[in-house]
Structure formats: C-alpha cells, structure tokens
Amino acid sequence: MTTTKGLIIKETKVGEGDKILTILTSELGKIQAGANGARSYKSKLIAGCQLFSYSDFVLTKKKEWYRVSSAEPCETFYNLRLDIKKLSLATYFCDLICEVATDGADGGDILRLALNTLYILTKNDNLPLIKAVFELRLMCVSGFAPSVLSCAVCAGQENLTRFDVSGGVCCESCGGVKISAGTIDALRHVCECDLKKLFSFNVSKAVLDELSSVAENYIVSQTGRSFKSLKYYLTISEKMV
Ligand SMILES: [Zn+2]
C-alpha cells in the first residue's frame, strides 16, 4: 500500500467504466494507475480521479502496476472546465508534463510548477503570458533550461541580442533570431526567479509577442514533438479573439 498526493495529467477510458490515470507525484515521479469503476457516478473515486484533480491517493501495487484504492480530491481546478480556452491550455500543459516528466524520478519541482500554474490559470485571463511562462519554466525544471545569462554558443556576456532554439540567448556574432532587451529581461525572470514570483511581472505587448514565439519555438525544438492540444488551443484562440 502506498499513499501519495498527485496531480492527474492524463486519463484514458478503458472498458465499461474504468480509467487508466497518469499521475504526477513528488516522490514517485510520473506513474500510471488503474482506477476501476472511476467513471461511474456511484463510484467513490469519481471526484478524485478526474483530469487536473490533485488528490490524496491510496494505491496498491501489483508487479509494476498501480491500482487506485481511494482518491480524495484536495483541489479539482473545476473552474478550468467552464472556459474552453483555459481548458484546452491546461490540457496542453498536462501533455507537455507527460512528455518531460520521468517515471521513478523526483517530480517535486514539476508538480509545484504545475499546481501554481493551474491555480493562476483559474484566476487570471492573460493566457498568452501564462502559456509562455509555463513553457519556459517547465523546460528549466526538467533539465532543458535555455542559457539566459550568457551566450549559449561562446559563453560571452556582451551584446546578448539573439535567441537560438538549440540553446537559448546568443550574442550578436553567434546567431539566432534578434530579440529585444525587454525579452531578455523577461526570459531571465522566468528562468531564474523564485517560483513564488514567477507570474508577478508585467511586459509590453511587443515583449509578450516575442516571448511567446521564443517559448513555443524552444518547446518544439527541445521536445522534437508537435502537440495536438497546442494546435487545438491556438485554433480556438484565433477564432475567439
Ligand atoms: Zn556568442
């Protein structure tokens, strides 16, 4: 028997009323667990086994397979379900976490970032900023941090005016796309600050546009993946401006 707190980052329906959950935990990293009957409205598991639920789990383990015995929700981030843009962005965030979190490794930093970000997302409507900040910071806490204090190529600290998706900020002579000083400041804040201050900063529209482009291109380059949930979010964001 194992007890752990965890955030559900993926749910797959199986059989008549069961689910397989992917859960991000601090101690066990990313795990998969079967939740028998969790789709039945009569089930005690129903509230604690929804996508985005952060729950107290009691798990039993048989060979390499976990099964959920009980799940008491601590936070369900229910408001995300009332806004299609927020819901689709949160789904993309969870897909990203699924991609970078590893089984068995410490998942504490990613979990804290995920919980903070989902909380902010329920309260704040600046979705482009939340998206860019989460993308960059997730890369930092999962071992793919971009260089932000010195050139990613030559390690020089002068004339940092560019960004290259293969490594981060670059100097004038080492290449990458041109970015403004404001965007470099924002990158440094997002990658280096204390988690508590992560979302406490303001940027101009021009810096936000540049930061968004840098963050999304960096994610695509570092993970080597394209995400359906990202495409969906971008499509509905364009339609619902
Ligand atoms: Zn350089």
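**A colleague's note on pockets, cysteines and aromatic pairs**

1. Helices here are DSSP runs of H or I with at least four residues, strands are runs of E with at least two, and both are numbered from the N terminus. Val203 counts as partly exposed because its relative accessibility is 28%; buried means under 20% relative accessible area, exposed means over 50%, and partly exposed is in between, with a 1.4 Å probe and protein chains only. Val203 and Asp185 are 18 residues apart along the chain, and their C-alpha atoms are separated by 9.8 Å.

2. A word on the model before going on. This is a predicted model, in which local features need pLDDT of at least 70 and side-chain atom pairs count only at pLDDT 80 or more, while totals for chains, interfaces and linings use all residues. Residues are numbered from 1 along each chain as its sequence is written, and side-chain values use heavy atoms, with hydrogens and water left out.

3. Now to the pockets. Rolling a probe the size of a water molecule over the atoms shows where empty space is left. On a 1 Å grid over the protein atoms alone, using a 1.4 Å probe, a pocket is an open set of points with protein on both sides within 12 Å along at least five of seven lines, and lining residues have an atom within 4 Å of a point. The largest pocket has a volume of about 440 Å³, where volume is the space filled by probe spheres set on the points, and points are joined across faces, edges and corners.

4. Which residues lie nearest the centre of the largest pocket? They are Pro128, Ser212, Tyr233, Leu234 and Ser237, out of a lining of 17 residues. Helix H3 (127–141), helix H5 (205–223) and helix H6 (228–239) each supply at least two residues of this lining, and H5 gives the most, with seven. By class, the lining of the largest pocket holds six nonpolar, four polar and seven charged residues. Here Ala, Val, Leu, Ile, Met, Phe, Trp, Tyr, Cys and Pro count as nonpolar, Asp, Glu, Lys and Arg as charged, and the others, Gly among them, as polar.

5. The second largest pocket has a volume of about 240 Å³. Its lining includes Lys10, Thr22, Lys61, Tyr66, Cys98 and Asp103. Strand S3 (residues 29–35) provides the largest share of that lining, three residues, and the classes are four nonpolar, three polar and five charged. Why does this pocket lie between domain 1 (2–75) and domain 2 (78–239)? Both domains give residues to its lining, so the pocket lies between them; the domain bounds come from an automatic or database domain assignment.

6. How many disulfides are there? The count comes to zero, with a disulfide taken as a pair of cysteine sulfur atoms within 2.5 Å. The sulfur of Cys140 has its closest cysteine sulfur in Cys191, at 3.5 Å, which is too far for a bond. Cys140 counts as buried because its relative accessibility is 19%, whereas Cys174 is partly exposed at 27%.

7. The whole structure holds four aromatic pairs; rings of Phe, Tyr and Trp (its six-membered ring) pair if their centres lie within 6.5 Å, with planes under 30 degrees apart called stacked, over 60 edge-to-face and the rest tilted. One of them is Tyr92 with Phe227, an edge-to-face pair at 5.9 Å centre to centre and 70° between the planes. This pair links distant parts of the chain, with Tyr92 in helix H1 (residues 84–100) and Phe227 in the loop between H5 and H6, 135 residues apart. Tyr92 is buried at 0% relative accessible area, and Phe227 is buried at 4%.

8. Another pair is Phe93 with Phe134, which is tilted: 4.2 Å centre to centre and 35° between the planes. Tyr92, Phe93, Phe134 and Phe227 form one aromatic cluster.

9. Finally, the backbone. Most residues other than glycine have a negative phi. Lys63 has a positive phi, near 50°; Lys63 lies in the loop between strand S4 (54–62) and strand S5 (65–75) and is exposed at 78% relative accessible area. Ala155 also has a positive phi, near 65°, and its place is in the loop between H3 and strand S6 (160–164).
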